[in-house]
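Welcome! Let us take a walk through this structure together, one part at a time.

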Amino acid sequence: MKKYLLAVQFDESAPSPSEGEKQEQMARTAKVTAEMQSAGSWVFVGGLLPSHATTVVRSGNGTTTMTDGPFAETKEQLGGFWVIRCEDLDQALSWAEKCALACGAPIEVRPFVDAQWG
Amino acid sequence: MDLDSVYRAEYGRCVATLTRLLGDIGLAEEAVQDAFAVAVQKWDETPPSPGAWIVTTARNRAIDRLRRESTREARHAQALLLHQPDEPEVVGPVRDDQLRMIFTCCHPALSPLAQTALTLRLLGGLEVAQIARAYLVPEATVSQRIVRAKKKIRDAGIPYRVPEAAELPDRLTSVLTVLYLVFNEGYTSTSGELLRTDLCLEAVRLARALAELMPDEPEVIGLLALLLLVEARRPARVGPSGELVVLAEQDRSLWNRELIAEGHELVRRCLRRAQPGPYQLQAAINAVHTDGPATDWAQVLALYDQLLRHSPTPVVALNRAVAVAEVHGPAPALAAVDELDLPGYHLLPATRADLLTRLGRTADAVAAYDEAIALVTNDTERTFLQTRRARLTPGP
């Protein structure tokens, strides 16, 4: 079994959806998560606050600096993620398709380092 | 049969089988290359089934190699290998191995260029240098692309199997697209000379193999028929001094009758199944072009109408307009072309130029040829357009 990260790429420059739309989106993603759980593929899920709440910490040469904001100031930011466990990339991709549909956002699928033997 | 032709014919098949046995494309390629190196030393004459010999030898070499290595992966692979039956089956599973390999190479998680390069290398047995020559890119670029793609297959866990029924239509589309693009690149190269025969022949060979492996998929048969019917006209496509000869002006006696007969038979097979798709429709259009002494344009137009419903793309609409001109005259065809938006595609202004010429709008036609000449990347096509343009402007 391999582990994959399904990262939701949110466009932060897009107008924020209405309260009703947000609720519907949450319900849709919760449904996909429940499906993953009953299929035995689910490992973890989390939604993230927008990048205004982000801080980057850099350490080296005996000092630590902190900067406000995410690594890269781009309009696409990590909005949340799932960690799943499945047989192969095809299974991961078919979960990603459901996630993309539920979130209305692109999903980056990335295998974990220990995927091969974990 | 000499070793070179054995290599060409068997390399892809052997790598596909070894990939199933070893679970890794890179290891499989090494093992097969080892086996061919042994063959160079040992073969006085070609054994009765050279492929089986190579597979058995490659498998034994791989076990030896893995025994010498002591990593966890090597032990894992060795365990897998030792559980395989002694003599690899030759017929059924081997065919499946090739199918698995086609679907793995054309996996949509790989970039289109990587899909093409991998397919030509692993299924076609083409050398990196040949692929690089065909696509006019440096060898290093091709090998880097292949290495990266193989790494992604391994690391991302792209499965080595034929997709399940539910995913098959989508996945098959990407396989057919790769074969179609390989053929097209051979038939009208992006730059330089018009034809790259290597690529045409390879695409036909792979399409044949796919049709043999999946005889019940009408679009697979459609693609093979399409490639055969276009390939059949290749000898007439270039004139004595290397110039492009358009369909209407081709010497039909140069066409390959055997390929045409085979293509027509396949199109009839598709018609009987009555599950039309884009490749089958294009094959049917090319069957009309190659039937009798001249093209029945009304039939071509009817088929383009049907194709446009299946694939409503501007390129199909542009080709349909060419048929409209033959059936209803250049004016309605021009009206159809003027509605299309295909930025950067030289055949749009080239088609306009031809229609404007027929309408006697010489100045507009010259301007359209200039536009097409500025966009075209293939030398032979450029010469063709320049010749057409020159006919419109009387010389001194």
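**A walk through two chains**

In chain B, 59% of the contacts with a separation of 6 or more are between residues 24 or more positions apart. Keep in mind as you look that this is a predicted model.

Let us stay with chain B for a while. Its secondary structure consists of 20 helices and zero strands. Taken along the principal axes, the box that its C-alpha atoms fill is roughly 80 × 50 × 40 Å. The chain has 396 residues, and 41% of them are buried.

One stretch of chain B carries a label from a record. In an unreviewed entry, UniProt places the feature "domain: RNA polymerase sigma factor 70 region 4 type" at residues 101-153 of chain B. If you trace residues 101-153 of chain B in the model, you will find a span that is 75% helix and 0% strand. The C-alpha atoms at the ends of this span lie 11 Å apart.

Further along chain B, look for a pair of helices: H14 (residues 278-289) and H15 (residues 297-310). Their axes are 9 Å apart, and the two helices of chain B pack at an angle of about 170°. An angle over 145 degrees counts as roughly antiparallel, so H14(B) is roughly antiparallel to H15(B). The residues of this contact divide into nine nonpolar, four polar and no charged. On the H14(B) side, they include B:Leu281, B:Ile285 and B:Val288. Among those that H15(B) brings to the contact are B:Val300, B:Leu303 and B:Leu307.

Now turn to chain A, where strands come into view. Strand E1 (residues 2-11) of chain A pairs with strand E5 (residues 76-86) of chain A in the antiparallel sense, over 10 bridges. Within E5(A), A:Cys86 is the bridge partner of A:Lys2. Strand E2 (residues 42-47) of chain A also pairs with E5(A) in the antiparallel sense, over five bridges. Here A:Ile84 in E5(A) stands opposite A:Trp42.

Chain A has a helix to visit too. Helix H1 of chain A covers residues 19-39, and A:Gln37 is found in it. Is A:Gln37 buried or exposed? A:Gln37 counts as exposed because it has 12 C-beta neighbours inside 10 Å. From the C-alpha atom of A:Gln37 to that of A:Ala96, 59 residues apart along the chain, the separation is 15 Å.

Finally, see where the two chains meet. Seven residues from chain A and six residues from chain B make up the contact. The chain B side has four nonpolar, one polar and one charged residues.

Methods: Residues are numbered from 1 along each chain as its sequence is written. Chains are lettered from A and ligands numbered from 1 in the order in which they are written. This is a predicted model: local features need pLDDT of at least 70, side-chain atom pairs count only at pLDDT 80 or more; totals for chains, interfaces and linings use all residues. Two residues are in contact if their C-beta atoms, placed from the backbone, lie within 7 Å. Ala, Val, Leu, Ile, Met, Phe, Trp, Tyr, Cys and Pro count as nonpolar, Asp, Glu, Lys and Arg as charged, and the others, Gly among them, as polar. UniProt positions are given in the numbering used here, feature names are shortened, and annotations may be inferred rather than shown by experiment. Helices (H or I, at least four residues) and strands (E, at least two) are DSSP runs, numbered from the N terminus. A residue is buried if 20 or more other C-beta atoms lie within 10 Å of its own, exposed if 12 or fewer, and partly exposed in between; C-beta atoms are placed from the backbone. Axes are lines fitted to C-alpha atoms, for helices over the stretch in contact, and angles run from 0 to 180 degrees between N-to-C directions. Angles under 35 degrees count as roughly parallel, over 145 as roughly antiparallel, 65 to 115 as roughly perpendicular and the rest as oblique. Two strands pair if DSSP finds at least two bridges between them.
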